[in-house]
Every structure is written in C-alpha cells, then in structure tokens.
Amino acid sequence: MTRPVAPSPIAGRTPSSTGAAVFEEPVIGPQNSPARAAAAPLVRRGRLAGLDGLRALAVIAVVVYHFFPVLLPGGFIGVDVFFVISGFLITGLLVSEHTRTGRISLRRFWQRRARRLVPPLVPVILISCTVAFLIGGDVLVGLGAQLLGATTFGYNWVSIATDNSYFSVNEPELLRNLWSLAVEEQFYLVWPLMLLAVLLLRRPRLRLAIVTALFVASAIWMGVLYQPGADPTRVYYGSDTHSFGLFAGAALALLLRRPSGHRNELPRLRPWLGAAAVGAIIAFAIWLPEDGSATYRGGLVAVSLATAVAIWAGVRGGRFGQLLDRAPLRYVGERSYGIYLWHWPLLVLVQLLWPTGGLLPIGLLATAITLACAGLSYRWLEQPIRRIGLRGSIRLIGTVMTGPVQRRRLVAAAAALSLLLVGGTTAAVLTAPAQTSAQLRIERGQRAVDAAARAAAQAAAAEAARQATVTPVPAEGLITAVGDSVMLASAPELQETLTGITIDASVSRGMYSADDILLALKAAGQLHPVVVIGLGTNGPITASELVSILRILGPDRQLVLVNAYADRDWTDGVNATLAEFAAGNRRVELANWHDTIAGRLDLLAGDQVHPGPSGGQLYADQVLAALERLAALPPLADMSWLLRDADAPTAPPYR
C-alpha cells in the first residue's frame, strides 16, 4: 500500500516523485472549468509534461559541446533552453501563489530556491577545489575570484570584471559553468519584485506586453553590445544582455493564463509545431557558431522562441509532451542539474590528470564520472532535501543508524570529511599562483620583444643623429616574424638563434589577421627579405589566406610557415593546409613545430600549448632549419629577358 501524497505547505507547488516544481493551477482558469478538464493531461505524476525531455536535450547539448566540440559546435545553446524553462516555471509558480493567496511570500520563495540550488552545489565546489589543490599548478589561478562568484551567485560579473573568457580553450577555469547559475539566481532575486508590480495591473494583455518588452529589450541590448570579431563573453555572460530567455519563459507563463475560452489552441497542429521547434533547437545546436554575428543578433533569440513553442506544445497536453518525457530522456532530465554542475569541473580535472589521453577517451571518462556523481547527488542529496528539507534529511539519516555508536561514527566521519574538503578548498585558494605557466612564458617573450624594439629604436636614433639623411635599404639576412602567443613565448630563443629577426607577435591572433599586419609592416618599410609566419594555433585557415599573404610579400621575399601544436579540432586541418601550400611553392618552406614538440610535451606550459625556454629553443631550431633549406635552393632563373625581348631565341645563362 502506498502512502498518499500530503498537500505541500509551499504555495504554488506540489511534491512529486521527480522533485520537479509544477503549477497547482497549471495555466488554467477557475476551478472546475472546462479548461481545467482539458488541461488535465498537463500534469502526469506531479510534473509538467515535456519539461524533463527538454532539460535532457539541453544538458546533452551543453555536455557534448564541452566534451566533443567538433560534434556539436553550437551546443552552448542548451543554456538558453534552460533559461526559458526556468522563466516559465518560476513565473507560473509565483502567479499561481498570487492568484490563490493575493500575495507572494518572497522569503519562502527565496528559501525554496536556495534549498533547490545550493545543496548540490556545495559538494561540487568543495570536491573540485580539493582535487585541484592536490593537482596544483595552473588550475588554481584565479580560484579565489571563482569562489567569490560561486558563493555570491555573481560568477558572470566576476568573470567579466577579471576578463575571463567563456570561449577560451587555453585556461583551465575550474568553475566556469557556474556563470549561467548566476544569471538565473539574479533573475530569481529581482524578478519576483518586478512581477509584484506587473501583477498590480488588472489587464492581462498589458502584463504580457510589459514582460514581452523586457524580452525584446534584452535581446536588442545583446545585439547592440556585440562587436564582430571581438570576444563575445561580455554579451554572453551579462545578465542584462542574456536574460531574454528567462523573460520568454515568463511571457509564456502569462500567455497561457488567458481566459478559458482560449484554452485548447491548435490541438491537431500543436504536436507538429512542437516537433518542429525541437528540430529547430537541434539544428541551432549543430550550426550556430559561438563567435558569429548571427548568434548574438538573433540566433539565441530564435532558440528561446523555439523553446517556448516546445514548452507550449508539451504542457498543453497530448502525446508530444509524453514522447519527450520517455526514457532515457526523462532519466537525464531529472538529473540535469547535477549533470550540468559536475560535467565541467570533472572535464578540467580529467584533462589535467590525463593530458595525453586524447579527446575521445577523456570525454568518455568524464561522461561516466559525471553521470555517476549526478546520480548519487540526485538520489542521496537532491531528492531527500526537496521532499523533507535539509533538517529532515539529517534526521532521516540519523534514524537509519540504529545504535549510538554507529551515529557517533557517522557524525565523526562526516565531520572529518567536511574538514578535509574545506581545508583543501582553503589551501587551494591560499596557494594559488598569480599567473598560469602559459602567461608567464608569454610575458617572458613579450619582454624580449619589447627589449629588442627599444634597442632597435635606440640604434635608429643613433644612426639618424650620425647622418642627416638616410636611405633605408633592406639588409640581406634580416627576418620579419609574425605570430601568435606560441611565437611570442619563443621570442627570446628566436632572437638568440636568428640575428636580425624582428618579431611581431601577440595573443589570440589567427591567420585571418596576417594581411593587415603585413601590409602595415610593408608600408613602414619593416617587411624584410625573409618572412616567418606562425598563426595556426587559434583557428582554421584557408589556402586563399596563404595565397593572399604571398601576394603581399611579392616575388622577391621568401616565406617560412610554422605549423601548429594544440589539442584543437582544427589543428590537423591547419597543418595539412600549410604542408600542402609549402610543398607547392618554391619560395615557401615549412617549419615543423608540431612533430618536434609532440614528443616533448614536458617542455610546454600547463595548457599544453605554450613552450618554455627549452621548448622555445626547439621552435627556433625548426625555423632555422627551414631557413637553411630555403638558402640551399638554387636561385630562381632571371626571366626578365622575356619581357625585354619577346623574340629572343634562347634564355641568358642561369645565375
């Protein structure tokens, strides 16, 4: 015999086997109305149909985007699906409570949110930080600021203030995924106050218009602040620019509380519209770029609207919502919060513990551990606390231990584990280095480049003082090098190995920037007879970009292309393009940095990208070897005689 479910004392919510929050009056009008009967399929075993399936799709998209980015490059849109679901549920709960009681208990609402979100978060932070302390190194950099953001639910703004990028693949930021939790928590803090003001308006259409205006304002603000070509983290992290999904869900909750005459909308077409909306979400996850204008000027808004349509089709009844909630999607959806919390810290830690594991093995291992941790959290932490509260859960554990000795042992073990984790987290913050090893190596290279620039400026000034007029003539053997942060980290060794080299290198450059840099150097008379380019680390390249570079250099300059080493999905394609281009042009040679450093990863920084002094020397040696191969080639024949005398029967001697 099963025990009947007791009414919940929490207004606007009923307990359920899944622990999901549901409306007591889900999007319907008066009690015993025809609309209430029509909406009965909305609630199946205490939850709104379709939402678990949508949560599952959202968290799967995010996890695949992080673990296997080449498979789902737009999977980050799963966060926007979560935003719409959260806005819909929270607004529905608040409005239902206001409808029944005429008020909203802010204290109880915030208590419920804290009870839902905080307990699963605490072990994630403590365990992750303690393991990070045991590993040490780069993963500890900035951990104090991350903990500040996590504990205050201001992670997104802390990251913006400290200039951390969501899209950076070089920085092992342990708690990066908590930015979205911060956006939601800030919404939960502010939105009930705003909603109270909105509910003072008696006209439902005016209420809906105000919330829709907030949705539109946030979407427009994201498009205005987004700058093409720049890192989009500010507009992606900002609560002001990325709240439109939450407002879309809120608007949907208000829309579905219209008078009962508008209840059963499009009963035959609704499942097809829901299926099309889910298909659109999947398509966005496949094709929407993380750094494209289309994403921030309409793409994420379209994801939010598609999610709202899918929610509407699911909760309004029928088979669509039931199909979305089929296993295994229901299983994943119920545990989606834990999966989201655990997946990113585990990925970072597994990568650090197994740096040579490869993308697929690391992703599979991190997936298995994530599912295990999320399952344990759901079974032993989230569910008990949702049902009977934190104190009740503690009392329940105490009743399981039948004897006083067992209880004392349990308390002692729990206290020891807590002290260990708190101590590990504290030690991680106190021992964190100020900079990553990659940053130290890049700064070392930057100092060398700056010193060389100052020396060159002083030499030029001395020569100018000695001569009234100077006619600059490019000296034989001078080299211009243009590169990214890998070249910058190797700058001291390049300067020591190659006399007369001028280095123009910077962080986060790609091959797309080469044209503008070379044209500026050429205009300034600083483009020497030999040019070295190392710009393959930060993104894919095309043969047309290389052709354009060669056109700028002209027929009298030689080119050395340095290939790339980085655990990125574009690296193999970059290196293949560079090798093919070098093989097909006599004035181009390849410096094989990839194969040289692949067997000496101990010479790289913690990010497995940037070399230290020994690695920088290998980089310089490869450039030198490529230059020697170019010098060993016989000079090209002088074909200018064909232009002077088209009827000449023979060519002049080869020289």
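Reader: Which residues is Ile 311 in contact with, leaving aside its neighbours within four places in sequence?
Author: This is a predicted model, and every value here is computed from it. Ile 311 is among the residues with the most contacts inside the largest nonpolar core. Leaving aside neighbours within four places in sequence, its partners are Leu 51, Leu 54, Val 84, Ile 85, Phe 88 and Leu 252.

Reader: How many residues does the largest nonpolar core have?
Author: Look for Phe 88, Leu 174, Trp 179, Tyr 236, Leu 300 and Ile 311, which have the most contacts inside this core. A second, separate core has 32 residues, including Ile 442, Val 449, Ala 491 and Leu 604. The largest core has 110 residues.

Reader: What share of the protein's residues count as buried?
Author: Buried means under 20% relative accessible area. The protein has 655 residues. Its secondary structure comes to 26 helices and 7 strands. The buried share is 50%.

Reader: What share of contacts in the protein, between residues at least 6 apart in sequence, join residues at least 24 apart?
Author: Take Ile 311 and Leu 51, which are in contact. Now count contacts in the protein between residues at least 6 apart in sequence. The share that joins residues at least 24 apart is 75%.

Reader: Where in H15 does the kink lie?
Author: H15 covers residues 336-353. From first C-alpha to last it reaches 25 Å, close to the 26 Å expected. Its kink is about 30 degrees and comes shortly before the proline Pro 345. The kink lies at His 343.

Reader: How many of the 18 residues of H15 are buried?
Author: H15 is mostly covered. On one side, Tyr 337, Tyr 340 and Leu 341 of H15 meet Leu 178, Trp 179, Ser 180 and Leu 181 of H7. The buried count in H15 is 15 of 18.

Reader: Are H7 and H15 parallel, antiparallel, perpendicular or oblique to each other?
Author: The axes of H7 and H15 come within 9 Å. They cross at roughly 130 degrees. Roughly perpendicular ends at 115 degrees, and roughly antiparallel starts over 145. H7 and H15 are therefore oblique.

Reader: And H4 with H7: roughly parallel or roughly antiparallel?
Author: The H4 and H7 axes are 11 Å apart, at an angle of about 175 degrees. Residues of H4 that meet H7 include Leu 106, Phe 109 and Trp 110. On the H7 side, Leu 178, Leu 181 and Glu 185 are among those involved. Angles over 145 degrees count as roughly antiparallel, so H4 and H7 are roughly antiparallel.

Reader: Which helices are among those that cover the buried residues of H10?
Author: H10 runs through residues 244-255 and reaches 16 Å, close to the 16 Å expected. Of its 12 residues, 11 are buried. Among them are Phe 244, Gly 249 and Leu 252. The cover includes H3, H7, H8 and H12.

Reader: Is Asp 163 buried or exposed?
Author: Asp 163 is found in the loop between H6 and H7. Its phi is near 60 degrees, a positive value in a residue other than glycine. Its relative accessibility is 68%. Over 50% counts as exposed, so Asp 163 is exposed.

Reader: Which two residues does the cis peptide bond join?
Author: Look at the loop between H13 and H14, where Pro 328 is found. The omega of the bond is about 5 degrees. It joins Ala 327 and Pro 328.

Reader: How far apart in space are Gly 292 and Tyr 226?
Author: Gly 292 is in the loop between H11 and H12. At 14% relative accessibility, Gly 292 counts as buried. In sequence, Gly 292 and Tyr 226 are 66 residues apart. In space, C-alpha to C-alpha, they are 9.8 Å apart.

Note on methods
Residues are numbered from 1 along each chain as its sequence is written. This is a predicted model: local features need pLDDT of at least 70, side-chain atom pairs count only at pLDDT 80 or more; totals for chains, interfaces and linings use all residues. Side-chain values use heavy atoms; hydrogens and water are left out. A nonpolar core is a set of buried Ala, Val, Leu, Ile, Met, Phe, Trp, Tyr and Cys residues joined through side-chain atoms within 4.5 Å. Buried means under 20% relative accessible area, exposed over 50%, partly exposed in between (1.4 Å probe, protein chains only). Contact means heavy atoms within 4.5 Å. Helices (H or I, at least four residues) and strands (E, at least two) are DSSP runs, numbered from the N terminus. The expected span of a helix is 1.5 Å times one less than its number of residues. The bend at a residue is the angle between axes fitted to the seven residues ending there and the seven starting there. Axes are lines fitted to C-alpha atoms, for helices over the stretch in contact, and angles run from 0 to 180 degrees between N-to-C directions. Angles under 35 degrees count as roughly parallel, over 145 as roughly antiparallel, 65 to 115 as roughly perpendicular and the rest as oblique.
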